Amino acid sequence: MKAEKGDPRVGALHSDLDTAVAEALSAAIDQSTEFKRRLRKLIENATTSNLGDDDVREVIELATIDDGLEE
Amino acid sequence: MEIRVLGWRYENLRGGLRDVSIDLESAPGRWTLIQMPNGTGKTTTMSLFRAAFSGEHLTPDFVRDLRAADDVDNGLFEVRLSIDGKPFRIQVRLNFKDGTHQYWTARSEVRSGGLEEGLSLPVDLKRLLTSDFTRLFVFDGELAKEIRAVGKDRAAMAIRTLYRLDRLEHLNVQIGRLVEEQQQRAAAVSTATERKGVTRWKRAYDAAVARKTALAAEQRELQKRRKEMEARRTKLAAEINERIEQDDALKLRKSQLDSERETIDRAIFEATTQGMGVLRLPAKIHPNVVERLRALGNKLTRLKLPKTISAEFFKELAEQPECICGREITPKDKAAILSRADSYLAEDQILVINKMKLALRESSADGAEYTRIATTLNGALRDLRRNKMAHDQLELERVEAGDTELERLRAEVSQLGRDLETSETKLEKLTTRDVIRQRLLDANDQNNIPLCDAEVRRCQEKLATATDTLRFVLQSERVKELVSTVAALALERLRERVRIATNAKLVQFVPSESLQVARIGGSLELGSSGLATKGGVSEGQSLAVAYAFLTSLLTEAPYKLPFIVDSPAVSLDTAVRREVGDLIPDLFDQMIMFVISSEREGFADAFYGRTGVRFITLWRADSERTEVRDGLPFFRSFHQVEAAA
């Protein structure tokens with residue numbers, strides 16, 4: 001039951017969501033470009049379909065954390 | 001995704017709906033106007049539409065109340081839908097004897113095409129069509145009020161669900177589940193002693209999360225109650241004013257007191273602003289403070305503080321091959337110099353202290369300034385108390401003259417004041433982050449959300465360490481944090497988009513009034529000036545706001561939903577009706593409108609010239625039988641039949 005991307009009604013959500021993702025990720029300066037790309041895709045897919053656990057886990061494992069916190 | 005209603009039928013329901021069928025499939029139209037006189041089952045139909053879409057639980061009393069007559073034990077409401085072109089049939093089967101009900105669905109995906117028990121809509125749609133959400137498009141006047149009611153959270157909920165931002169919340173739930181699974185796997189391969197630790201921290205973590213959820217629910221409930229109490233207090237104040245103003249002499253005195261109050265408020269504001277400014281300059285607080293600051297400045301000078309040699313000087317010296325006296329600096333000397341260099345201040349610190357010294361020596365402000373402002377402020381506060389007492393006196397005089405209603409209102413205001421105070425204290429204890437207040441209020445992780453939050457994090461870290469999954473936990477937290485930020489930012493943008501569209505429609509609906517939505521929070525907050533003093537928004541205005549909001553919300557959403565509405569124009573005056581009648585038809589792909597004959601003028605007649613409109617009239621021919629007639633001529637002339645009946 002995916003939303004049709006050609007449907008103009010999906011436009012409002014996508015444009016606002018895109019802007020929100022761009023804004024949130026630009027502030028995440030500690031994260032890699034690959035992580036940002038994958039998270040963007042994950043969020044986009046989350047609004048249109050169910051996500052597989054493996055897709056989600058892979059993105060989590062790409063996130064950078066302050067290693068000092070693990071001590 | 002597109003949902004259309006193709007028709008519906010009733011069996012053995014009250015209002016003469018014993019065997020009535022409405023078929024929209026045979027002559028499909030974008031708009032359907034169904035004229036039903038009062039008492040023929042409009043409200044019943046709306047309730048059953050909502051039930052059929054959402055699968056909500058119906059109470060036994062509600063079910064029994066739908067019974068057509070004592071001679072029937074079972075009833076039925078069936079809706080036929082098209083979902084993305086595929087046919088679905090939903091039945092609400094009613095058992096009047098025991099007050100129970102069952103949902104059944106027939107859909108094309110099932111090979112037999114037959115009925116199966118339960119409401120089997122596509123998963124995506126089932127998630128959307130909650131009981132609350134369904135009320136947005138199977139719409140009645142009550143929702144118009146609720147959209148504007150504080151604490152109901154309808155407006156924000158609608159945007160979140162309709163634009164699928166709730167899916168981002170589900171993504172975070174999924175991440176949480178993955179963490180839990182990872183920890184379970186890790187715990188399964190650990191030793192017995194480690195497993196004991198894991199179990200202990202898992203229990204502590206679960207308990208802390210449950211406590212946090214309960215505290216958050218308590219906070220929401222208290223906030224909701226506080227808003228309701230505040231709204232009630234405002235209403236009571238308006239009612240009290242109204243009663244005072246019924247007496248001309250009291251009205252005059254009240255007006256004088258109100259004007260005096262404005263002057264006092266201004267004086268308090270000015271004195272407070274000045275006082276706050278002075279508080280930022282310690283020398284202006286009291287002569288003793290000036291004196292002590294100067295003494296401190298002099299002491300620093302006498303002690304030659306700060307030292308003129310900085311830590312940087314020694315660090316540079318340690319790097320030199322020899323000292324200024326020519327002696328060689330050995331590695332041992334170097335280590336000694338570096339270790340002692342930290343006893344000296346850095347250059348920037350010296351700079352700050354020197355500036356302080358200068359400021360202290362030059363502290364020449366008038367120490368009595370604050371005292372003067374405080375005296376003015378105290379005077380203004382005394383005036384305020386006097387003014388309040390005089391106001392109170394007015395009310396008491398009226399009560400003594402026999403106004404028992406005013407006496408009751410005053411007692412309620414007084415009780416509300418006490419309840420609000422209790423509520424504030426509870427909320428503060430629940431939410432304060434101030435360590436001193438937490439101590440004073442005896443707050444701990446059992447009754448304070450920030451402390452409980454800290455406990456959740458502590459248990460989570462302990463659990464993660466015990467299961468050796470700390471890295472994954474921290475990564476998950478980072479992703480969840482980013483997803484929540486995206487959801488919040490997107491919601492903010494969508495709210496603003498819907499708000500602007502709503503206001504543009506309001507200008508068209510009610511051009512003569514400056515009715516505008518200032519903010520979409522949990523509810524719609526209106527920004528028009530003077531609404532409160534005019535006694536709030538009328539029912540018609542409320543409906544206009546709700547239409548403007550819903551049409552803005554639904555027309556841009558990724559779902560095409562039918563808009564089913566009961567008495568769409570009954571509380572609107574004729575001018576607004578005409579605007580609504582002209583504007584809303586184009587905003588939906590399918591509209592089903594239940595109207596009464598008085599709504600024809602100004603609203604239904606806006607559809608007479610359109611093509612693609614079905615006009616249906618449904619009325620009770622006698623106590624047992626309901627008639628259905630198609631066509632505009634009968635629809636228009638129905639009042640004669642009604643009058644004759």
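In the predicted model, the buried residues of helix α11 of chain B pack against α12 (331–341) of that chain. Helix α11(B) spans residues 311–319, and its buried positions are A311(B), F314(B), L317(B) and A318(B). Viewed down the axis of α11(B), these buried residues fall within an arc of 125° and therefore line one face of the helix. The exposed residues E316(B) and E319(B) are carried on the face of α11(B) turned away from the buried side.

Chain B also contains an open sheet of six strands with mixed pairing, arranged in the order β8-β11-β12-β3-β13-β14. Its edge strands, β8 (138–139) and β14 (626–630) of chain B, each pair on one side only. Strand β8(B) runs parallel to β11(B) (residues 563–566), to which two bridges join it. Within this part of the sheet, V138(B) stands opposite I564(B) of β11(B). Helix α1 of chain B, comprising residues 42–54, packs on the sheet and touches β8, β11 and β12 (591–595) of chain B. The direction of α1(B) makes about 150° with that of β11(B).

Contacts between the two chains involve 42 residues of chain A and 43 residues of chain B. The area buried between chain A and chain B is about 3700 Å², with carbon and sulfur atoms giving 62% of this area. Four salt bridges are found across the interface of chain A and chain B. A salt bridge links D53(A) with R177(B), and the closest N and O atoms of this pair lie 2.9 Å apart.

Technical notes:
Residues are numbered from 1 along each chain as its sequence is written. Chains are lettered from A and ligands numbered from 1 in the order in which they are written. This is a predicted model: local features need pLDDT of at least 70, side-chain atom pairs count only at pLDDT 80 or more; totals for chains, interfaces and linings use all residues. Side-chain values use heavy atoms; hydrogens and water are left out. Two strands pair if DSSP finds at least two bridges between them. Helices (H or I, at least four residues) and strands (E, at least two) are DSSP runs, numbered from the N terminus. Contact means heavy atoms within 4.5 Å. Axes are lines fitted to C-alpha atoms, for helices over the stretch in contact, and angles run from 0 to 180 degrees between N-to-C directions. Buried means under 20% relative accessible area, exposed over 50%, partly exposed in between (1.4 Å probe, protein chains only). The arc is that of the directions from the helix axis to the C-beta atoms. Buried area is the accessible area (1.4 Å probe) that two parts lose on being put together, summed over both. A salt bridge is a side-chain nitrogen of Lys or Arg within 4 Å of a carboxyl oxygen of Asp or Glu.
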